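Below is a short briefing on one protein chain. Look at the sequence and the model first, then read the points by topic.

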Amino acid sequence: MSGASYSPEFLAYWAARGSLERQMRDASERLARIPGTGSGRFGLTPDAVKARPDWRAAHFEYWRAHKALAELNRLNLRRFRLELAQERAERRAALSLR
């Protein structure tokens, strides 16, 4: 992403989005590392595992990051639609050069 062609407001949004995505990914990894997660029928987590404090804390962190990211996107996707389209085009162009 070439920072010179983007507004400072978009760069702040982009940094906040990246931070929230990392928080969500880290919380998801913590949740997946808890023994018993996804071990039930159809890959669901059994209620006994969901009742554990460590699982509940990891689940809370995941959903907190998810909700914050959803709210950030809700407020800014329309506002930065042109910049996001430009960013997407730059990513595609970079992939085609490989």
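Is Phe42 buried or exposed? Phe42 has a relative accessible area of 72%, and a residue counts as exposed over 50%, so Phe42 is exposed. The model is a predicted one.

**The loop between helix 1 and helix 2**

- Phe42 is located in the loop between helix 1 and helix 2.
- The phi angle of Phe42 is near 60°, which is a positive value in a residue other than glycine.
- Ile34 also lies in the loop between helix 1 and helix 2.
- Ile34 has a relative accessibility of 9%, and the cut-off for buried is under 20%, so Ile34 counts as buried.
- With neighbours within four places in sequence left aside, Ile34 is in contact with Arg52, Asp54, Trp55 and Ala58.
- Ile34 and Glu71 are 37 residues apart along the chain, and 28 Å separates their C-alpha atoms.

**Aromatic rings**

- A pair of aromatic rings is described by the distance of the centres and the angle of the planes.
- The structure contains 5 aromatic pairs.
- In the pair of Phe10 and Phe80, the ring centres are 5.4 Å apart and the planes stand at 70°, so the pair is edge-to-face.
- Phe10 belongs to helix 1 (residues 8–33), while Phe80 sits in the loop between helix 3 (53–76) and helix 4 (81–96), so the pair ties together parts that are 70 residues apart in sequence.
- Phe10 and Phe80 are both buried.
- One aromatic cluster is formed by Tyr6, Phe10, Tyr13 and Phe80.

**Helix 1 against helix 4**

- Two packed helices are described by the angle between their axes and the distance between the axes.
- The axes of helix 1 and helix 4 cross at roughly 65° and come within 11 Å.
- This crossing of helix 1 and helix 4 is right-handed.
- From helix 1, Phe10, Tyr13, Trp14 and Arg17 meet Glu83, Leu84 and Glu87 of helix 4.
- Sorted by class, this contact of helix 1 with helix 4 has 4 nonpolar, no polar and 3 charged residues.

**Helix 3**

- Helix 3 has 24 residues.
- From its first C-alpha to its last, helix 3 reaches 35 Å, close to the 34 Å expected at 1.5 Å a residue.
- Buried residues in helix 3 include Trp55, Ala58, Tyr62 and Ala65.
- Leu69, Leu72, Asn73 and Asn76 are also buried in helix 3.
- The buried residues of helix 3 pack against helix 1 and helix 2 (47–50).

Key: Residues numbered from 1 in each chain as written. Predicted model: local features only at pLDDT ≥ 70, side-chain atom pairs only at ≥ 80, totals over all residues. Heavy atoms only, no water. Phe/Tyr/Trp six-rings, centres within 6.5 Å; stacked < 30°, edge-to-face > 60°. Helix = DSSP H or I, 4+ residues; strand = E, 2+ residues; numbered from the N terminus. Buried < 20%, exposed > 50% of the residue type's maximum accessible area, 1.4 Å probe, protein only. Axes fitted to C-alpha atoms, helices over the stretch in contact; angles between N-to-C directions. Left-handed = near helix turned anticlockwise from the far one by under 90°. Contact = heavy atoms within 4.5 Å. Nonpolar A, V, L, I, M, F, W, Y, C, P; charged D, E, K, R; others polar. Expected span 1.5 Å × (residues − 1).
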